[in-house]
Amino acid sequence: MQIAIDGPAGAGKSTIAKQIAKTLNITYLDTGAMYRAITKGVIDRKIDFADQKAIAQYAASAVITFKGQRVFLDGEEVTEGIRTPEVSEHTSEVAPIPEVRKVLVQQQQRIAEGTDVIMDGRDIGSTVLPNADYKFYLDAAVSERAKRRYEELQEKGGLNGKTLTDIEADIARRDYNDSHRAVDPLVCCDDAVRIDTTHMTIPEVVACVIDHVEDGT
Ligand code: C5P
């Protein structure tokens with residue numbers, strides 16, 4: 001079974017996907033973590049963000065591995081390190097590079113081969129798993145997504161002086177970049193079930209997805 005979950009930043013994709021993976025006892029793959037890991041590698045190696053060729057070369061040689069929810073880059077754990085505001089900001093410069101996408105999409109498809117999997121990202125239903133059994137597009141109003149991200153950062157202590165307005169602007173910019181890039185932009189596929197989670201709780205969204213899967217719709 002293959003389940004694709006796409007949607008903009010802060011729509012709750014990873015929280016929902018993790019819970020569904022647990023409920024259905026299938027593998028969960030966070031593809032955003034892979035784009036973030038490459039971005040962290042680019043920052044750590046001081047590669048110039050304007051040098052797309054060097055970034056593509058690095059992406060082709062980088063080794064990203066997962067142990068459960070933990071993420072490793074070239075053998076070093078980066079689970080926390082890929083969630084910093086700096087990495088979030090620069091990922092939208094790395095993710096549009098076609099060669100980077102090619103390398104990561106191939107790795108994602110390899111991971112999905114012969115495995116029951118739920119993947120979340122921006123291009124899962126359109127590019128990574130176009131024949132997925134189930135496709136969902138999770139959306140929510142940008143103000144609600146910003147509020148969720150703000151509360152999450154507040155709890156973790158990662159706000160670094162950012163206001164709710166700053167976070168909403170960051171999210172809106174990421175949405176714009178992700179939906180307007182030339183290669184594999186964020187889209188809601190025609191065959192995806194669109195769920196607006198603005199006024200839904202996490203258990204409600206999980207139940208909604210599971211219902212669709214159990215009904216085979
Ligand atoms: O899902 P997450 O917010 O961690 O993703 C970080 C960034 O990685 C996104 O804003 C997007 O630019 C990129 N991404 C992507 N394709 C995916 C997953 C993430 O371009 N499948």
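**Exercise 1.** In this predicted model, work out how the axes of helix H3 and helix H5 are arranged, and which residues meet between them.

*Solution.* Start with the axes: those of H3 (residues 52-61) and H5 (residues 98-112) come within 8 Å and cross at roughly 10 degrees. Angles under 35 degrees count as roughly parallel, so H3 is roughly parallel to H5. Next, look at the residues: H3 brings Ile55, Ala56, Ala59 and Ala60, which meet Glu99, Val100 and Val103 of H5. Finally, sort this contact by class: 6 residues are nonpolar, none is polar and 1 is charged.

**Exercise 2.** Trace the open sheet: what is its strand order, and which strands stand at the edges?

*Solution.* The sheet has 3 strands in the order S3-S4-S5, with antiparallel pairing. Strand S3 (64-67) and strand S5 (76-77) each have a single partner strand, so one side of each is left without a neighbour in the sheet. Now zoom in on one pair: S3 and S4 (residues 70-73) are joined over 4 bridges in the antiparallel sense. Here Lys67 stands opposite Arg70 in S4. Helix H2 (residues 31-44) packs on this sheet, where it touches S3 and S4, and its direction makes about 40 degrees with that of S4.

**Exercise 3.** Describe the shell around the ligand: how many residues surround the ligand, and which element gives the most?

*Solution.* Count first: 13 residues surround the ligand, and Gly32, Tyr35, Ala95, Gly121 and Arg122 are the closest. Two or more residues come from each of H2, helix H4 (85-94) and helix H8 (164-180). H2 gives the most, with 4 residues. By class, the shell holds 3 nonpolar, 5 polar and 5 charged residues.

Definitions and conventions:
Residues are numbered from 1 along each chain as its sequence is written. This is a predicted model: local features need pLDDT of at least 70, side-chain atom pairs count only at pLDDT 80 or more; totals for chains, interfaces and linings use all residues. Two strands pair if DSSP finds at least two bridges between them. Two residues are in contact if their C-beta atoms, placed from the backbone, lie within 7 Å. Axes are lines fitted to C-alpha atoms, for helices over the stretch in contact, and angles run from 0 to 180 degrees between N-to-C directions. A residue is near a molecule or strand if its C-beta atom, placed from the backbone, lies within 6 Å of it. Ala, Val, Leu, Ile, Met, Phe, Trp, Tyr, Cys and Pro count as nonpolar, Asp, Glu, Lys and Arg as charged, and the others, Gly among them, as polar. Angles under 35 degrees count as roughly parallel, over 145 as roughly antiparallel, 65 to 115 as roughly perpendicular and the rest as oblique.
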